Amino acid sequence: MTRNRTQNTEPVLAVEGLTMRLADETRISGLSFSIGAGERVCLLGASGSGKSLTARAVTGTPPAGAILSGSIRVNGVEACGIHPVSRCMTSRVATVFQDSSTALNPLMTLGKQLRLALPAASEDQLCTMRDAVGLGDIAQFYTRYPAELSGGQRQRLCLALAMQSTSSLLVADEPTTALDVLTQQQVLQAMRNACASPPSPRALLFITHDIAVAAQLCERALVMENGVLVESAGMAQLLSHPQHPYSQKLVHAARQAAVLHQNTGSRYGVAV
Ligand SMILES: Nc1ncnc2c1ncn2[C@@H]1O[C@H](COP(=O)(O)OP(=O)(O)OP(=O)(O)O)[C@@H](O)[C@H]1O
């Protein structure tokens, strides 16, 4: 049943008992979590644990043939199984995915794509938007094609476009995974800006397998294993006292990597 947005009491995202079956296999099982206004939450888990399928269920783009049950409410509006185009504005979700090349039209210049996405934007507004994600000083930006940007530049452009959405929820699926460490930092900073930008802070569901990256951005963590949520904790709590054996392995591995990086030059600038 569709419900109207309720003021401040309803989480921005409330997932309850979400189950997804694909090709006769249960890929997500009884998943429940919520994200409040302006909260930045990461979804961690090993490869194949169901993180991306969860993101796709939330954004309304599950694979063909997926059978969903349970509830996904965005700002109080039921959105489970509803394609983004059919969603009302209140339940639409801004998204950024790992493969930025598929998010942009490869045959259209960046200028045309920006004009299409933001027909009412002035030149000044487009410049401000580029500056916000560190793309302000790229020569001949508007006449370039997506393939003429680096992966990190494309990713930041996708983020800039997602930031133009009025949605109060941003879902980012591994947006930094394919990037070098410096570009990763730029994208993380752009995401912090995206979540903090006015008029009100955006809630973030950040999908990653990299706990050190998550620790830089998120205040709370959800951990999935084999399609099941096995732990939900504050980021600091997860790092200091992981409860589930898989979380313990994850934190242990990140600590090992941090020690390695301390010895060879810190990668993240945060202690995990
Ligand atoms: N379209 C599909 N059809 C059938 N099975 C799928 C499909 N997409 C994903 N799966 C399976 O569902 C499980 C969860 O996949 P998912 O992509 O959510 O994993 P993930 O946690 O995001 O992994 P990674 O970190 O490698 O991206 C995996 O076993 C995967 O093989």
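I worked from a predicted model.

**Entry 1: the sheet**

I looked up the strand order first. Four strands form an open sheet, and I read the order as E2-E1-E4-E5. The pairing is antiparallel. Next I checked the edges. Strand E2 (25-35) and strand E5 (77-78) are the edge strands, and each pairs on one side only. I then followed E5 to its partner. Strand E4, residues 67-74, pairs with E5 over two bridges, in the antiparallel sense. At this pairing I noted Arg73, which stands opposite Glu78 in E5.

**Entry 2: the helix pair**

I turned to helix H4 (residues 151-163) and helix H5 (residues 181-196). Their axes come within 10 Å and cross at roughly 5°. Angles under 35 degrees count as roughly parallel, so I logged H4 as roughly parallel to H5. Which residues of H4 meet H5? I listed Gly152, Gln155, Arg156, Leu159, Ala162 and Met163. On the H5 side they meet Thr183, Gln186, Val187, Ala190, Met191 and Ala194. I sorted the residues of this contact by type: seven are nonpolar, four polar and one charged.

**Entry 3: the ligand shell**

I finished with the ligand. There are 13 residues around the ligand. Which of them come nearest? I wrote down Ser47, Lys51, Ser52, Leu53 and Pro63. By type, the shell divides into four nonpolar, seven polar and two charged residues.

Terms used. Residues numbered from 1 in each chain as written. Predicted model: local features only at pLDDT ≥ 70, side-chain atom pairs only at ≥ 80, totals over all residues. Pairing = 2+ DSSP bridges. Axes fitted to C-alpha atoms, helices over the stretch in contact; angles between N-to-C directions. Parallel < 35°, antiparallel > 145°, perpendicular 65-115°, else oblique. Contact = placed C-beta atoms within 7 Å. Nonpolar A, V, L, I, M, F, W, Y, C, P; charged D, E, K, R; others polar. Near = placed C-beta within 6 Å.
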